[in-house]
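Please read the report below alongside the sequence and the structure, looking up each residue as it is named.

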Amino acid sequence: MGRIELYKDKSDCCGCEACVNICKRNAIKMQEDEYGFLFPQIDASLCIECGQCKKVCSYQNENIELNEPLLAEAATVTDREICLKSASGGIFAALAKKILQEGGRVYGCAFTYKNGVLYPEHVRVQSENDLVRLQGSKYVQSRMGNIYKNVKKDLNEGRLVLFSGTPCQISALNSYLKNQEKNNLFTVDIICHGTPSAKLFDDYLKQIEKNINGKIVDFKFRDKSGGWGLKGSIIYQNKRNQLRKKLLPVQLSSYYTLFLDSETYRENCYSCKYAGKKRTGDITLGDYWGVEDEHPEILAENGGRLDKSMGISCVLINTKKGQQLLDCLDEKIERVPSSYEKIAKRNNQLKCPSSHSIVRDTIFKLYEQKGYPAIERWYFKRLGIKRYVYKIWNYIPRKAQIFIKKPANKKSRLN
């Protein structure tokens, strides 16, 4: 057998780390490219060319487990506190609590504060007290470490496991487990736009720290203090060692806007094989954007049961096992029938992969040559006077905003 080639082109690798986990010789390590994206590299001195790394790669293999949705719903938890800590309707948290109460384990992406850096990684949770770490959206690729090995160990010990992640991470887990008994495994895939690198995110945080003259200790992409929507926040420590909170409106965040404009993802995200109707998870979760148009009758403001201000999830139930798990929640959640077609109208990644413009090349050329500060300068120069309009807008109390026309926020990638 010749030397193993893990991928020919960067678009062939999603960075799921299944190959790292499967290698018994620890011959594969993830290494950053010039833009901070992680790719597997083989140490030829350790490799015995068994080929397991190629076999486990679900992203390059054709035979993968995908399921068309059996049911589609709009849903939200009845517990207001859980909902406030979640990005949308809190359905994942409700599912996770059920698994934990049954003595199971829950896996998902968390921000871990390590050596002064917020590190996005998949972690294993076994206590409801730690569940908050997994709640909320993280618009950055997480490191997997030995997570697939840990899931296999839990399953071998007879534990229930709930695993959440991007569709490619779910597919990678299923491929890694191969013929492993999966009756105790429940998977939740998110409606994924794409994944920027952890390095890009870290460099963005350093730029904020420079601007505020403080140290960031926590970050939320979806802060609900002003209601359901797209607004981030940071918790930071100032020079007096006092903890402070600062809101980050989308328009005033270069990282956030460029993420939403699909300009900063891995190469493979733009040809993602999982961005479609067929799903990798037992359940698919996301925000039910446009619910006010598709189901106005279910909203509390119209006499319905669901409070839009708290966030509403869209739920695709893709397997009988996923349906059984969701049915176990009883009075914990409010569920309303919907359809895949209605949900997909405002969740385009249920139909096709994200696309980028020529702006992506500009961004990464700046990043490679001059670092994130150059992206920040470029972004605000392109934003121009709108920067000050958005600042004023976000100082206006939310209740007063409904009487004022919101400033235009073009989805044209700043062109």
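In this predicted model, the number of disulfides comes to 0. A disulfide is a covalent bond between the sulfur atoms of two cysteines, and the cut-off applied here asks for two cysteine sulfur atoms within 2.5 Å.

| Cysteine | Relative accessible area | State |
|---|---|---|
| Cysteine 83 | 1% | buried |
| Cysteine 109 | 16% | buried |

Burial is also the theme of helix H6, which spans residues 167-177 and is mostly covered, with 11 of its 11 residues buried. Among these buried residues are Pro167, Cys168, Tyr176 and Leu177. Which elements provide the cover for the buried residues of H6? They include the helices H1 (18-22), H2 (52-55) and H5 (147-156), together with the strands E5 (117-125), E6 (161-165) and E7 (185-190).

Strand E3, made of residues 71-77, is largely enclosed by the rest of the structure, because 6 of its 7 residues are buried. E3 pairs in the antiparallel sense with strand E12 (residues 313-317) over 5 bridges, and in this pairing leucine 71 stands opposite isoleucine 317. E3 also pairs in the antiparallel sense with strand E13 (residues 333-337), over 5 bridges, where glutamate 73 has proline 337 as its bridge partner.

Elsewhere in the chain, an open sheet is built from 3 strands in the order E8-E9-E10, and the pairing is antiparallel. Strand E8 (215-220) and strand E10 (243-249) stand at the edges with a single partner strand each, so that one side of each has no neighbour in the sheet. From one strand to the next the twist averages 25°. Strand E9, residues 231-237, is joined to E10 by antiparallel pairing over 7 bridges, and serine 233 is found opposite leucine 247 of E10. Helix H7 (residues 198-212) packs on this sheet and touches E8, E9 and E10, while its direction makes about 125° with that of E8.

Methods
Residues are numbered from 1 along each chain as its sequence is written. This is a predicted model: local features need pLDDT of at least 70, side-chain atom pairs count only at pLDDT 80 or more; totals for chains, interfaces and linings use all residues. Side-chain values use heavy atoms; hydrogens and water are left out. Two strands pair if DSSP finds at least two bridges between them. Helices (H or I, at least four residues) and strands (E, at least two) are DSSP runs, numbered from the N terminus. Axes are lines fitted to C-alpha atoms, for helices over the stretch in contact, and angles run from 0 to 180 degrees between N-to-C directions. Contact means heavy atoms within 4.5 Å. Buried means under 20% relative accessible area, exposed over 50%, partly exposed in between (1.4 Å probe, protein chains only).
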